[in-house]
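Here's a quick walk through a protein model for someone meeting it for the first time.

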Amino acid sequence: MQNNNYKLHFIGAGNIANAMISGLIKSGFPSSNIYAYDKDPVKTTVLVKELNINSHEELDFLDEGFVFICVKPVDYPKLFEDIKEKIGKGVSVLSCMAGISLDRIEKDFEENICLRFMPNMLIENSSGFIALTSKSKKLVKDCSNIFSKVADIKEIPEEMFDVITATAGSGPAWIYSYINSLVKAGCKSGLKEEESKAIVLSLLKGASKKLTQETDLNILIQQVASPGGTTEAGLKIIEEENVDKIISDVISIATQRSKELRKGSS
Ligand SMILES: NC(=O)c1ccc[n+]([C@@H]2O[C@H](COP(=O)([O-])OP(=O)(O)OC[C@H]3O[C@@H](n4cnc5c(N)ncnc54)[C@H](OP(=O)(O)O)[C@@H]3O)[C@@H](O)[C@H]2O)c1
């Protein structure tokens, strides 16, 4: 159950912080308990105005609540220098940065309880996925409470975080990219862009719904592919061009990139 009494401080008011804050507010979390801070005061102001949250113009000393570190991994060392004297013992530190290990966060914030999590942008519309890991059972419980209405939450061992980052974190982009290819293919074969988009979006809605009833993907594919028909002809190309391998390479390279970021940051 969502606990609305927590005070949440988001540092780095970019894409993922926006998605988390919007999702939480839409799900009923009080905007008055949410604070945002970005090195660019314009970004903070926009977010504050749009979502009616509070801003930290300068990051003040915090002695309680939850700090969410939402900056790019490359910006983390500088951010840490800026905030290390401002995070009191009572603060829980949660990082969603790709490739920055929990160990690193714990070493930096040695007096705080820490958690690493990997959300995705779908959290904005209460259909996100969050993988999380922490040594603190209490913080796992608190974080699960905070996001219970906006994401499916799973505690996952940290060694799986590179692949989780590549599949769940980056995942919306793989789906959008596939949708984009379908839309473009429809246009190339004569549909107007808006017609092609409407068809593909309708397909996506219907297929997502169907997947809540039947999860065996081979069965679902077979149901559409009558022998000698159009679908079978298209599936043959998917097989011949080895689309499985292309997708597998996409996940491998993204997983590899997450590992590189982790190595570069430790
Ligand atoms: N986007 C996703 O789908 C996603 C999903 C899962 C995890 N993540 C993780 O979330 C983190 C943020 O990603 P994002 O896509 O939200 O990036 P983003 O849109 O670039 O947002 C990061 C924000 O932090 C600001 N920032 C940089 N240094 C700062 C500092 N010292 N103090 C305060 N603010 C600072 C940036 O400002 P400038 O732009 O001016 O540098 C930017 O506004 C990354 O570590 C990423 O791995 C992202």
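## Starting at a loop

Lysine 39 counts as partly exposed, because it has 15 C-beta neighbours inside 10 Å. Keep in mind as you read that this is a predicted model. You'll find lysine 39 in the loop that links strand 2 (34–37) with helix 2 (41–51). Lysine 39 and valine 71 are 32 residues apart along the sequence, yet in space they sit 10.0 Å apart, C-alpha to C-alpha.

## The whole chain

Time to zoom out. The protein chain has eleven helices and eight strands. Along the principal axes, its C-alpha atoms fill a box of roughly 70 × 40 × 35 Å. The chain has 266 residues, and 30% of them count as buried. Take the contacts between residues at least 6 apart in sequence: 62% of these join residues at least 24 apart.

The chain is split into domain 1 (8–162) and domain 2 (171–259). How far apart are the C-alpha centres of domain 1 and domain 2? They lie 33 Å apart. Where the two touch, domain 1 gives six residues to the contact and domain 2 gives five residues. On the domain 1 side, that makes three nonpolar, two polar and one charged residues.

Eight strands build an open sheet, with the order 3-2-1-4-5-6-7-8 and mixed pairing.

Strands in a sheet pair through backbone hydrogen bonds, and they can do so in a parallel or an antiparallel way. Here is how some of the pairs in this sheet look:

| Strand pair | Sense | Bridges |
|---|---|---|
| Strand 5 (residues 91–95) and strand 6 | parallel | four bridges |
| Strand 6 and strand 7 (residues 128–133) | antiparallel | three bridges |
| Strand 7 and strand 8 (residues 151–155) | parallel | five bridges |

Let's follow these strands one by one. Strand 6 (residues 113–118) is largely enclosed by the rest of the structure, because five of its six residues are buried. To get from strand 5 to strand 6, the chain passes through helix 4 (residues 102–108), and this β-α-β crossover is right-handed. Between these two strands, valine 93 has cysteine 114 of strand 6 as its bridge partner, and serine 95 stands opposite arginine 116 in strand 6.

Moving on to strand 7, its alanine 131 is the bridge partner of methionine 118. Another right-handed β-α-β unit is made by strand 7, helix 5 (residues 137–147) and strand 8. Isoleucine 130 faces isoleucine 153, which belongs to strand 8.

Is isoleucine 164 buried or exposed? Isoleucine 164 is buried, since 26 other C-beta atoms lie within 10 Å, and 20 or more is enough to count. This residue belongs to helix 6 (residues 161–169). Setting aside neighbours within four places in sequence, isoleucine 164 is in contact with Met118, Ala131, Ile156 and Gly169. Isoleucine 164 and phenylalanine 117 are 47 residues apart in sequence and 10.0 Å apart in space, C-alpha to C-alpha.

Now for helix 10 (residues 230–240). How many of its eleven residues are buried? The count is zero, so to speak of cover at all, this helix is hardly covered. Just past the end of helix 10, asparagine 242 takes a positive phi of about 55°.

## Around the ligand

Last stop: the ligand. Which residues come nearest to the ligand? Out of 28 residues around it, those are Gly12, Gly14, Asp75, Met97 and Ala98. Two elements give two or more residues to this shell, namely helix 1 (15–26) and helix 3 (76–83). Sorted by class, the shell around the ligand has 15 nonpolar, five polar and eight charged residues.

Notes: Residues are numbered from 1 along each chain as its sequence is written. This is a predicted model: local features need pLDDT of at least 70, side-chain atom pairs count only at pLDDT 80 or more; totals for chains, interfaces and linings use all residues. A residue is near a molecule or strand if its C-beta atom, placed from the backbone, lies within 6 Å of it. Ala, Val, Leu, Ile, Met, Phe, Trp, Tyr, Cys and Pro count as nonpolar, Asp, Glu, Lys and Arg as charged, and the others, Gly among them, as polar. A residue is buried if 20 or more other C-beta atoms lie within 10 Å of its own, exposed if 12 or fewer, and partly exposed in between; C-beta atoms are placed from the backbone. Two strands pair if DSSP finds at least two bridges between them. A crossover is right-handed if, with the strands pointing away from the viewer, the path from the first strand over the helix to the second runs clockwise. Domain bounds come from an automatic or database domain assignment. Two residues are in contact if their C-beta atoms, placed from the backbone, lie within 7 Å.
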